[in-house]
Amino acid sequence: MIQPAGSPATKAAPGRNKDQAHNWIRFVRKYGPIPANDSAFEEHTGKAARRAGVAPITFLHPRFAEVLGCLTGQQMLSVILTGTAGDGKTHLCGKVWEALQGDATTWASNNPYINQVLPSGATLHVIRDLSAWVPQQGAEWNQAERELLETFSRSLFETSTTDYFLIAANDGQLIETWRRLPDSEAVNKARSRFEQLLVEDLESLPDVALRFFNLSRGSSAELFDFAIQAFIDHPGWQSCFEGEMGESVAFGDKSPIRRNFELLQEPQLRQRLRDLLELCDYNDLHIPIREILALLVNAVLGHPTCNKDNLMVPTDVAKIIQQGTVAQASIYNNIFGGNLRESRRESIGVFNYLDRFRLGHETTNRIDGILIFGEADEALKEYYDAYLGNDPFYGADASYRLAQSNYVESAEEDNSNSDFLDMLVTQRRALFFKIPASEAQELHLWELTVFRYAGEYLEKVVRTISPPGVGNGKVERAIINRLVRGLNRVIVGMLITDDRKLFLGTSLQSTGAKVSRIYEDAISVNPSRGERVDVVWNGNKPALKVTMNESISESFKLNLVRYEFLSRVAEGALPSSFSRECYEDVLSFKSRLLTALKKRRLQEGVEEDNTLSFQRLRLDESGRPENITIQLNIPA
Amino acid sequence: MALWLDEQIWGHRIHPQSPWLIFLECLTVAEYFHRKGTLLDEQGSYYPLVFHPLRRMHLRNILWNNDVIKDLENERADSNTNWTTWLAWMNENAQNLNDNDFSYLKPRFEKFSDFAFLVGMLRDASVEGESNKRWTSRFVFPFGASAIYEDATLDGKRDYVNFTRTGELLYLMLCRSASAPELRPYLTHFLAGDNQWNKLLQVLEKAPEENGVERKHSYLPYKAHPSFDRLGEDWLRLFELRLPNFDVLNHLVTMGAFHVMLYHLQVAAAWRGKKERITFLCEVVAPKKTLVRELSVINFQENNSLSGEAIQAYLTQITSSDDWLAAMQLRTQQDQYSKCVEILKKEIWWDIEEYEGAEDPAQLLEFIRDKAQHRHQQHAGEVHRSYGRLVGLVSRRATTKFRYAPTDSFLKTLIFANVPQRMELKEFFHLLFERYGLVFSEREAKQVIEEEDYESKPFAANAARLEARLSSLGLLRRLSDGCAYIINPHGLE
């Protein structure tokens, strides 16, 4: 019992304890994977928490201090918070209101627009939900609202003002609102600035008195750290797992709810899950706080046969144990929404994004060997025992063994195998979280995902060079060379083996042509006469930077998909699943490189002489490019 | 002349032709007036359009009537031997020339293999090179004026199979667009061809050609038309992007043919007296059949029948004219018939010799209506479907019936021509609708579909599919909650 002494729980009768635990589970399910695009989520959970007698799951948003800083101190600035539903905009507004000693009843009024006079005498206007405040589509503007937004628009371009604003709005609503506002110079100017801030991912502009926080551009991995801590530390869980409730069937030693909650606290599982979310960040897939919480709730409570929402309640546990379906509550499967119906899973961003790793569907012979034949194979038995045999919850239970032996003994095209194939998916997912770092390389951990290079990308690229300036991390030459080889093959369209130079070629008519047979130039990868190619940190992700001289360079942002693409092309295989988009991206990078090259020629004053010459690009027998000059004599 | 009817409605002539060939044919006219210094300027005279396109037969023999060059490049014999073999071969096989001597080339190149390589490069850059055409109808990519020449038959004569004159109409449309003065410098710069490939083409020519053969007779009936202006604007904005290399040409080609198609439909609608504007319900291809697809199929068929209806309306106009009515008042059927024949001769230049029916105005009229429709269906009636397919607007993908289902490259062209930098997606939809009548999303669909046929969901899904597709092409930036921006990656800073 960690409950503070004297708190009601310690003295309460057993029935009271049970109520508390059950209330908590009932409440926490509200955070679960329900496709709610509900802008009043904050308000509703608040109400539900009061009814259940528990506190909502909260943590301070990582950007809180910065937002507050804009609205206090000498140099005040208005603030716009944008982002998608579930990013915590309203919550953040509330925290700022509280920190500025705003009146709690005013906040509780749920009025979308509230204001207060600050100690400095200035007025702070808070629009905590822009869409709820502006008139409905098609309705007329109300005079006061219109004037307020007009005042706000003007204040952005004035040097002194006594009106400061804190506005929370989804991106689309923000633009739509300013489009619908009656035209005025300030309104139009403001709208075009908002567009620029949104599209170019900026937080401020030199001529605008505004800080613009797009919460959808923050790191989901960072939010995950806060969210999982707040989730696990919530006292609601203590009422379940401690004291006599901890010995009940629902929350005792054999309970999948308890098991999942414990597994969620294991550092390796947390780290691997965090890795996946971090990789989503680097693929520009943002996961809002609300969906992270949904993931966590689903991880602990998920079970495909329970209730309408496929989440367990305490009273389900006895039956689950009795029926021997504990394994179906596997956290490893729940993390990917495996317990949910397909349509539900697809409607929730986080499961959609995690699905892109194809975890459970990708595999290697080695892994499947362990899973299918491991028990009987001496060489694999050790792994089998460690990963399946010794896991009484989600390892090889009776149903797994039965399905496995049926599978091994059945004819190839037997439909009854589909159960076992589903189990394999879950087990592969489990392995992704179980294999320790020390065996990750040997067992090719990341080949369980579609991104084989993801582990390398995180360890040897992202974590080596970010944050910039800390340490002197440099990406290995071998990696850079591989990326350059991949680029060379796409840019030139031939199977180049050379990776010490970046080759730039063109074809006759269009930049997009597949094969370039005209040589333009080659940039040295190792630093040489001002040229070099390296991998640097660029804003929020790594980038391949091609430097042509001290003033001319071009960068190619390396999100995970592009990194994987270039690496695989360098290996010789073109993965079709994500190749088209990347191919287009590389071609547009090529076009930028050619423009940069033109600029350098101009700078260096290369004279366009009167002779006509062409540089022919071709590969020698070992795949090394060679360029041959063809000189022509122009008739007089 | 069998009949002069389609020509009075749309001009002489509007025929099915591939967008690239329309473009090249247009350039043969432009090249001439560029030479004469009056590019895109009719100088107040709307008819006739007289010009002298070049033939460039030396160049064309080298590029297209010269299969032996590839074998020689591979032979690895020494340069001199190869030159000798090749020159002898050309002497024997070159066609449509007064002299088959190509020895002028030898001193211009260091080695035969250089020559062969460059010719190979040029051949690879042929326009529509895949199709199995006669060598006199193969075209090199238009690097500049030196690449422009007229189509010809195998014995070097002009026919109207590949170059059908629609390209000449395109040239006239550009002349008559409000943007002609602003387009002129861009087109001039392009034709001047200050690039190594255009220069290479000059090196391959024996000597500059003096003057071509006179061409005339093309005819565009309208001095001005909104579709001419939109064509000009689109070309201008494409030029203004200053795309690298020759990347702009593909977009000019697509836009050129697309606007000829729009002109064709709009003129048809006007003659037929259709009040509502022409719209195109576009399906962003879905895996399954959707309402959008169904409506698009019907919409396509309606648009496709417009031009035929215009032909009939034109004839109805003749038969309700005072002259015709007066003719019908004549006493004998014989007189009525003679008068009607006379009117038809005058109005549509009809040649009576092919008529073998009774001397009865009603029968005569029926004959004419059939004949006009038949003739129309064979040529001008094909324009909507044929151009629509070739520019990438019309498709039969996953169905047996034609509908509007734009390709990626057509969408790209629309974006390049209409989004100078970035534009909110809804605004883009609105603009495509206002400017071209293209319908993608529920907002526009609602305005053009009968209420009982309309459902918003399928169109919303259609718009969402477009959003996803453009995003995968790097042409769209998605923000949260249904807010997205079209991005022109070559946009003006």
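Mentor: Before you ask, note that this is a predicted model, in which local features need pLDDT of at least 70 and side-chain atom pairs count only at pLDDT 80 or more, while totals for chains, interfaces and linings use all residues. Residues are numbered from 1 along each chain as its sequence is written, and chains are lettered from A and ligands numbered from 1 in the order in which they are written.

Trainee: What distance separates the centres of domain 1 of chain B and domain 2 of chain B?

Mentor: Domain bounds here come from an automatic or database domain assignment, and for chain B it gives domain 1 (1-278), domain 2 (279-290 + 392-487) and domain 3 (308-381). Taken over C-alpha atoms, the centres of domain 1 of chain B and domain 2 of chain B are separated by 33 Å.

Trainee: How many residues does each of these two domains of chain B give to the contact?

Mentor: Two residues are in contact if their C-beta atoms, placed from the backbone, lie within 7 Å. By that rule, the contact takes from domain 1 of chain B 11 residues, and from domain 2 of chain B eight residues.

Trainee: Which element gives the most to the side of chain A that touches chain B?

Mentor: The contact takes 32 residues from chain A and 33 residues from chain B. Helices (H or I, at least four residues) and strands (E, at least two) are DSSP runs, numbered from the N terminus, and those giving two or more residues to the chain A side include α9 (171-180), α28 (579-603) and β11 (612-619). With seven residues, the one that gives the most is α28(A).

Trainee: What percentage of the residues in chain A is buried?

Mentor: Chain A holds 28 helices and 12 strands, and its C-alpha trace spans about 105 × 80 × 50 Å along its principal axes. Of the 636 residues in chain A, the buried ones make up 39%.

Note on methods: Buried ≥ 20, exposed ≤ 12 C-beta atoms within 10 Å, placed from the backbone.
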